[in-house]
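Please look through the sequence and the structure first.

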Amino acid sequence: MSMITERPVSNPAGQPVGTVAGESATSRRDVRSVIAAYVTLTKPRIVELLLVTTVPAMMLADGGMPSLWLVAVVLVGGSLAAGAASVLNCYIDRDIDQLMRRTKRRPLPAHTVTPRSALVFGLVLAVVSVALMAAFTNLLAAGLTLAAIVYYDLVYTAWLKRTTTANTFWGGACGAAPVLIGWAAVTGSLAPAAWALFAVVFFWQMPHFYPLAMKYKDDYARAGIPMLPVVASTRRVNAEILVFAWLTVLTSLAVWPLGMSAVYGVPTLVVGAIFLVEAHKLCRRAIRGEAVKPMRLFHWSTTYLTIVFAAVALDALI
């Protein structure tokens, strides 16, 4: 049996074709990985959650369905703004992210993206988002967009997050800002219903985030971040979860008399009751020293907020 030795075929330049193809494939993989890293910096899951609250707020402000053009502008501008805030957050937090197991694989700690590139990327997204909102909506919506980015990165990330156990509370204003931005984009002003929906999202963030902080308590401790579950007793954490869970549900029900019908009120009442049951279950397990399973409340809180704002949208349409 004879053996046939294959030789790489050369192109006219004298380079092996197989080598060129391999380098091209590697190059494409590198480009895809870099693009993926930049997308990761924007924290797409957070962007998605924020947009869930924006469109229903716009629909309620309009009393129906706003123009698709305006919705598209606000969605794009809001996505870019939320992405910008997240990128700049990653830039500021790069020192602590490398100390936490949950975040050490992010692009900056993993050295997939340089700090300078991340900073430029975040600033460009911020400028484009605010300019887009100013050009195609109104100055109030654009001003709120800029304020949300500045507050999240300079006030919350760079200062409050590292210095106070109330960081989650004060940071809640950023997560609730899209409600006001969406409302302002439609009307050019802010009505009581807008502030009521803002309060729902604001209060919701404590029972939503504290379970996550409980799960990653050791990570935050390692990084020296004074999240409440790191520095406070279990009793204190439980108390705040329950207080803010009740405030979230009561505030969502307070929206009902502000021009809403049973289309909004009934599902909000039902999911609010389930939300409270889950919050009390978590706290009872913690008090008894049982397995806590905090992510159950974390995931249910996301479902709760989605259903409440879906009810807002449906009520506005009907």
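The text below covers the overall build, the surface and the salt bridges.

This is a predicted model, in which local features need pLDDT of at least 70 and side-chain atom pairs count only at pLDDT 80 or more, while totals for chains, interfaces and linings use all residues. Residues are numbered from 1 along each chain as its sequence is written, and side-chain values use heavy atoms, with hydrogens and water left out.

The protein chain has 13 helices and zero strands. Helices (H or I, at least four residues) and strands (E, at least two) are DSSP runs, numbered from the N terminus. Along the principal axes, the C-alpha atoms fill a box of roughly 85 × 55 × 45 Å. Of the contacts (heavy atoms within 4.5 Å) with a separation of 6 or more, 71% are between residues 24 or more positions apart.

The chain has 318 residues, and 47% of them are buried. Here buried means under 20% relative accessible area, exposed over 50%, and partly exposed in between (1.4 Å probe, protein chains only). The accessible surface, from the Shrake-Rupley method with a 1.4 Å probe, is about 15,600 Å², and carbon and sulfur atoms contribute 66% of this area.

A salt bridge is counted when a side-chain nitrogen of Lys or Arg is within 4 Å of a carboxyl oxygen of Asp or Glu. By this rule there are seven salt bridges. The table gives some of them.

| Salt bridge | Closest N and O atoms |
|---|---|
| D93 and K161 | 2.6 Å |
| R162 and D93 | 3.1 Å |
| R236 and E240 | 2.8 Å |

D93 and K161 form a salt bridge. D93 is in the loop between α3 (68–92) and α4 (94–97) and K161 is in helix α6 (residues 139–163), so this pair ties together parts that are 68 residues apart in sequence. D93 counts as buried because its relative accessibility is 0%. K161, at 11%, also counts as buried.

D93 also forms a salt bridge with R162. This pair links distant parts of the chain, with R162 in helix α6 and D93 in the loop between α3 and α4, 69 residues apart. R162 has 26% relative accessibility and therefore counts as partly exposed.

R236 and E240 are four residues apart in helix α11 (residues 234–254), so about one helical turn separates them. R236 is partly exposed at 39% relative accessibility, whereas E240 is buried at 16%. Elsewhere, salt bridges that share partners join D93, D95, K161 and R162 into one network.
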